[in-house]
Amino acid sequence: MGKVLMKGNEVLAEAAVHADCRYYFGYPITPQSELVAYMARRLPEVGGLFLQAESEIAAINMVYGAASTGVRVMTSSSSPGFSLKQEGISYLVGSELPAVIVNIVRGGPGLGNIQPAQSDYFQVTKGGGHGDYHIPVLAPSTLQEIVDLTMDAFDIADKYRSPVIIMGDGMLGQMMEPVEFKEKVESKQFDKSWATTGTRGDGGPKIITSLELDADSLEKRNTLLQKKFAEMKEQEVRYETYCTEDADYIIVAYGTVARIAMNAINKARETGLKIGLIRPISLWPFPEKPFEETRKRVKGYISVEMSAGQMIEDVRLAVNGHAPVDFYGRTGGVVPTQEEIYEKIITVAGGLKYEHENGI
Amino acid sequence: MSMKTVFERTTGLTEKPTHYCPGCTHGLIHRLVGEVLEEMDILEDTIGVAAVGCSVLSYEYFNCDMTQAAHGRAPAVATGIKRVLPNRFIFTYQGDGDLASIGISEIIHAAARGEKITVIFVNNAIYGMTGGQMAPTSLIGQKTATTPDGRNASVQGLPIRVSEMLATLDGSAYIERVSTHDVPHILKAKKAIRKAFETQKQGLGLSLVEVLSTCPTNWGLDPHESLDWVRDAMIPVYPLGVYKNEAGGN
Amino acid sequence: MLQEIIIAGFGGQGVMSMGQLIAYAGMIEEKNVSWLPSYGPEQRGGTANCAVVVSDQQVGSPLVSNPSAVIVLNNPSFDKFEPKVRPGGLLISNSSLVARKSEREDIKVIDIRATDLANELGNSRITNMILLGAFIEYSKFLSENSIIESLKKVLSEDKYHLIDINKRALRKGAELVAVF
């Protein structure tokens, strides 16, 4: 297969099909509606099923039902719709059901707007729904990376019997880039003996539930869940670093913001400033290692986000007081430009007086 | 002297004793469903969806694969299961708070889509599990924890007749309202449940049996008075009968 | 080579597909490309624009704030993007619809009566292709053939009969640039 030019939302959908996802339940919302429309056309072609639900709440519960039969299933939404799915996501965790949920984040709070944002970081990484839980969150920054991470997302979901979130911003969903779907390798096989598919031929009745009325029993169950989260934290960390070896200052950014930051870093390097980048790919579990490796020798970190400062809290925890952590962010759907990030670098890294240049 | 077996457990239910209050008809309705599944020989091909409310633990009583749904979402969960496994029998077991209040959207759209599932809708005109609050099906004048002076139409609105409403949707295939207040009606209720599963078997669309049920604990009546209240107070507001029958026949 | 291009106009003038054609052509020529549209209600009858990056290196920011080239098809787009062209950059303006003339001396400005010329060629919908032809000819980082190749990807097969008129429009634009 050669390269094809596709929209991010369509890449997400096609990547899911490549990952053997055959069931999709969703509800249209900008800026991820192309994903819904793509699935509506594509899934019947591969013998799958697409269903437009009456609401995001219904959609996530249809996902819950389909997941309980052991199949690979996906839903997608954008911020306000994702909030509605939180109820079902908490139930998926509690009932230990695998599913992949996409959040193409837009400006908030409330109805906000439809422009790109990363302001759902807290929501996706800190639980979001009720109860003590974590969900692996993957944040691709290129469309090619979407292809690889979507496959990973389904595998992680099946391996741990857990929902997995893919978080992108509106820009990632709307932009086009060449992508290549590599020749399909055999999907990994996972134990699905827990699925409720009727008892014929597979022994006694099985129950899928998140209810545990007895406090001691629920605590025991929660302890097992925590063990699972600990294992994910051990096994599922993903990140990338760029020019951190000799860096005086390190920018921390994810998703499309990391790409914009990269331009600014290259420009800064041209002027002799030693700037690097840590790009978390898994937002939860948050990559701590690249900070442990650099925090004693760098002069500081700058968290750059399309939010008022959310990931910065995880950066501070990972830096653990060893170096100052600065912040640059834009909100409400405003995307930070490479010029702005460069200016921030100059201001923080000092040494050079920043003059407004028209173009970098 | 030879003994003749006249009554047995149904294999449709597990042997676990239910947690329902004395005089509550949930246990009875469970049994009717269990018997139908046994008699149709579809227990092994059935997946039930438990709702939230007094019947939240119904997954411990039905002797088939069970999945527990969030409050009101059982028809959406059932949709997900049925769409993946179209050859299995899928049923939800929901109360009036679950189905007619928080889950009214899910049941309406499941019916509108003609989902080939069976819904057992237990209407006892009150929230049982949370302690006797007003339900959408509470009667005008009915005293509950949240309508201490009785349900007042101008304040709390009017009861919803779910069967009549869903029957207007083209996707619903079989809808009947039955009662459990005496033996002839209980036998009729079982026939309706059987018919509902037969409708699912024929793939005709959504089937729903609304079962008028008791809540002696929260009504503040004894079990016998409760049965009378179903007959004298509920049935006039919720008339029994078949509201939709796409399959025809009885 | 790093080209950061913004194309802007009314919704319906074909600015999105112009951008996609450049991106496809870049891909055909084995360059790294990205295409980013403005999206949302502003697409409906208002102004629409897209940003295209074509580079020998991996594409960093898909968002373009200081473009190396801007193609504007209407007045509001001129007002918005003319000041943003980086010094030494290129501005191509559809002077049939853009009333103002750029007074900047640090950029190359090419005015083309593209809508009038398209009408003269018998199809106002090829305005965008005339401007694209001019852009390709002047900037020289992509071949006209790649654009024509790309047309086959953007157009569905039942629209292939339009390839010929699109080719003529590209040529027309290219010829006009020769005088600049």
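A: Domain bounds here come from an automatic or database domain assignment. On that basis, chain A splits into domain 1 (3-235) and domain 2 (240-349). The model is predicted.

Take the two domains of chain A first. Their C-alpha centres are 28 Å apart. The contact between them draws 26 residues from domain 1 of chain A and 22 residues from domain 2 of chain A. On the domain 1 side, several elements of chain A each supply at least two residues: helix 5 (121-125), strand 6 (137-138), strand 7 (163-169), helix 7 (170-174) and helix 8 (215-235). Helix 5 of chain A has the largest share of that side, four residues. By class, the side of domain 1 that touches domain 2 holds 14 nonpolar, nine polar and three charged residues.

Now the whole of chain A. The chain contains 12 helices and 15 strands. Its radius of gyration is 21 Å, close to the 21 Å from the globule rule for 360 residues, so chain A is as compact as a globular protein of that length. Along the principal axes, the C-alpha trace of chain A spans about 75 × 50 × 40 Å. Of the 360 residues in chain A, 56% are buried. Sequence separation can be read from the contacts too. Among contacts in chain A between residues at least 6 apart in sequence, 79% join residues at least 24 apart.

The buried set of helix 1 includes A:Asn9, A:Glu10 and A:Glu14. A:Gly8, A:Val11, A:Leu12 and A:Val17 are also among them, as are A:Ala13, A:Ala15 and A:Ala16. Just after helix 1 of chain A comes A:Asp20, with a positive phi of about 70°.

The contact between the two chains takes 33 residues from chain A and 28 residues from chain B. On chain A, strand 2 (23-26), strand 3 (49-52), helix 3 (56-67), helix 4 (79-95) and strand 9 (207-208) each give at least two residues to the side that touches chain B. Helix 3 of chain A gives the most, eight residues. That side of chain A has 17 nonpolar, 12 polar and four charged residues.

Strand 9 of chain A and strand 2 (residues 65-68) of chain B pair in the parallel sense, over two bridges. Within that pairing, A:Ile208 has B:Thr67 as its bridge partner in strand 2 of chain B.

Strand 1 (residues 2-10) of chain C has seven of its nine residues buried, so it is largely enclosed by the rest of the structure. Strand 1 of chain C runs antiparallel to strand 3 (residues 47-55) of chain C, and nine bridges join them. C:Gly9 has C:Ala48 as its bridge partner in strand 3. Strand 1 of chain C also pairs with strand 4 (residues 69-72) of chain C, in the parallel sense and over four bridges. There, C:Ala8 stands opposite C:Val72 of strand 4.

Conventions. Residues numbered from 1 in each chain as written. Chains lettered and ligands numbered in written order. Predicted model: local features only at pLDDT ≥ 70, side-chain atom pairs only at ≥ 80, totals over all residues. Contact = placed C-beta atoms within 7 Å. Nonpolar A, V, L, I, M, F, W, Y, C, P; charged D, E, K, R; others polar. Pairing = 2+ DSSP bridges. Buried ≥ 20, exposed ≤ 12 C-beta atoms within 10 Å, placed from the backbone. Rg over C-alpha atoms; globule rule 2.2 N^0.38 Å.
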